[in-house]
Amino acid sequence: MTSTLLSLSNVETFYGRIMAVRGVSLAVPEGAIVTILGSNGAGKSTILKTISGIMAPRKGTITFQDQPITGLEGADVVRRGISHVPEGREIFPFMTVQENILMGAYLRHDRDAVEREIAAWFETFPILGERARQPAGLLSGGQQQMLAIARAMMSKPSLLLMDEPSLGLSPLLTKQIFAIIGDINRRFGTTILLVEQNARQALATAHFAYVLELGRIVLEGPAAELMENADVKEFYLGLADQGVRGERRWKRKKMWH
């Protein structure tokens with residue numbers, strides 16, 4: 001049986017007085033790709049920020065590798081083995097491409113290994129190698145996403161958090177980025193928790209999925225099964241004749257028992 005790498009139990013996170021995450025409980029199995037789907041404002045990004053220490057929950061617990069990490073500072077979360085690729089990439093535009101990647105290894109002291117791994121990422125993403133000494137802000141959106149992924153992987157995480165990796169990208173680049181996500185999972189065994197609005201691509205890539213609505217998990221199960229779920233088809237895959245829009249609101253369902 002696959003062990004649970006990350007778990008959230010009854011987590012609540014606020015922006016001021018506004019509760020953005022409402023009692024969320026979820027589990028991420030080791031070695032899996034898990035996706036969280038939901039519309040804008042559903043609380044998806046807030047969940048990732050809460051895990052990575054950018055925001056502190058007011059209630060609930062977060063456990064990683066059987067150890068509590070609730071409320072830890074971001075640097076301590078990275079030390080535990082979690083990296084975050086934020087929405088919008090958040091690269092350092094005036095630093096070079098190589099300097100950006102090196103920032104991902106700021107907690108490491110094995111400099112020879114770091115240099116080898118930077119070279120390996122330049123082989124994986126040749127365009128980054130070609131532009132290694134150029135300011136990162138000159139890269140295209142897809143190239144910046146590749147850079148953000150390489151930077152996050154330089155800390156050798158056990159868990160990679162990815163927030164809207166296809167945001168602003170063309171359909172072709174979106175397919176490339178999701179192929180990279182699958183390759184990272186297979187090559188390195190890295191567990192991935194993915195927040196994404198492109199539900200079709202996310203469900204095609206992930207093993208398990210959660211659907212978030214107004215800060216609550218309303219549906220969960222194997223990604224392949226959710227791809228065939230009538231409500232998911234209607235609300236997220238654009239197949240309006242498949243679901244029950246307007247007739248009821250979802251109650252949380254588990255599809256893997």
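Modeller: Helices (H or I, at least four residues) and strands (E, at least two) are DSSP runs, numbered from the N terminus. The model is predicted, so local features need pLDDT of at least 70 and side-chain atom pairs count only at pLDDT 80 or more, while totals for chains, interfaces and linings use all residues. Residues are numbered from 1 along each chain as its sequence is written, and side-chain values use heavy atoms, with hydrogens and water left out.

Helix α7 covers residues 171-188, which is 18 residues. From its first C-alpha to its last it reaches 26 Å, close to the 26 Å expected at 1.5 Å a residue; the expected span is 1.5 Å times one less than the number of residues. An α-helix has 3.6 residues a turn, so residues three or four places apart point the same way.

Just after α7, Gly189 has a positive phi of about 70°. Thr190 sits in the loop between α7 and β8, and with a relative accessible area of 2% Thr190 is buried. Setting aside neighbours within four places in sequence, Thr190 is in contact (heavy atoms within 4.5 Å) with Ile184 and Asn185, and also with Ala32, Met153, Pro157, Ser158 and Leu160. Of these, Leu160 is 30 residues from Thr190 in sequence, but the two C-alpha atoms are 6.9 Å apart.

Glu164 is a residue other than glycine with a positive phi, near 50°. Most residues other than glycine have a negative phi. At 6% relative accessibility, Glu164 counts as buried.

Aromatic rings come next. Rings of Phe, Tyr and Trp (its six-membered ring) pair if their centres lie within 6.5 Å; planes under 30 degrees apart count as stacked, over 60 as edge-to-face and the rest as tilted. A search of the whole structure finds two aromatic pairs. In one of them, Trp121 and Phe125, the ring centres are 5.7 Å apart and the planes are at 20°, so the pair is stacked. Both Trp121 and Phe125 are buried. Together with Phe188, these two residues form one aromatic cluster.

Elsewhere in the model there is an open sheet of four strands in the order β2-β1-β4-β5, with antiparallel pairing; strands pair if DSSP finds at least two bridges between them. Its edge strands, each pairing on one side only, are β2 (18-29) and β5 (67-68). Nine bridges join the antiparallel strands β1 and β2, whereas β1 and β4 are held in the antiparallel sense over five bridges. Leu8 stands opposite Leu26 in β2, and in β4 its bridge partner is Ile62. Strand β4 (residues 59-64) pairs with β5 over two bridges: Thr63 is opposite Pro68, and Phe64 has Gln67 as its partner in β5.

Both hairpins of this sheet contain a positive phi. Two residues separate β1 from β2, and Gly16 in that turn has a phi of about 65°. The hairpin of β4 and β5 also has two residues between the strands, where Gln65 takes a positive phi near 50°. Asp66, in the loop between β4 and β5, has a positive phi near 65° and is exposed, at 68% relative accessible area.

Helix α1 (residues 44-52) lies across β1 (4-15), β2 and β4, at about 110° to β1; axes are lines fitted to C-alpha atoms, for helices over the stretch in contact, with angles from 0 to 180 degrees between N-to-C directions. Eight of the nine residues of α1 are buried, so this helix is largely enclosed by the rest of the structure. Just after α1, Gly53 takes a positive phi of about 90°.

Notes:
Buried means under 20% relative accessible area, exposed over 50%, partly exposed in between (1.4 Å probe, protein chains only).
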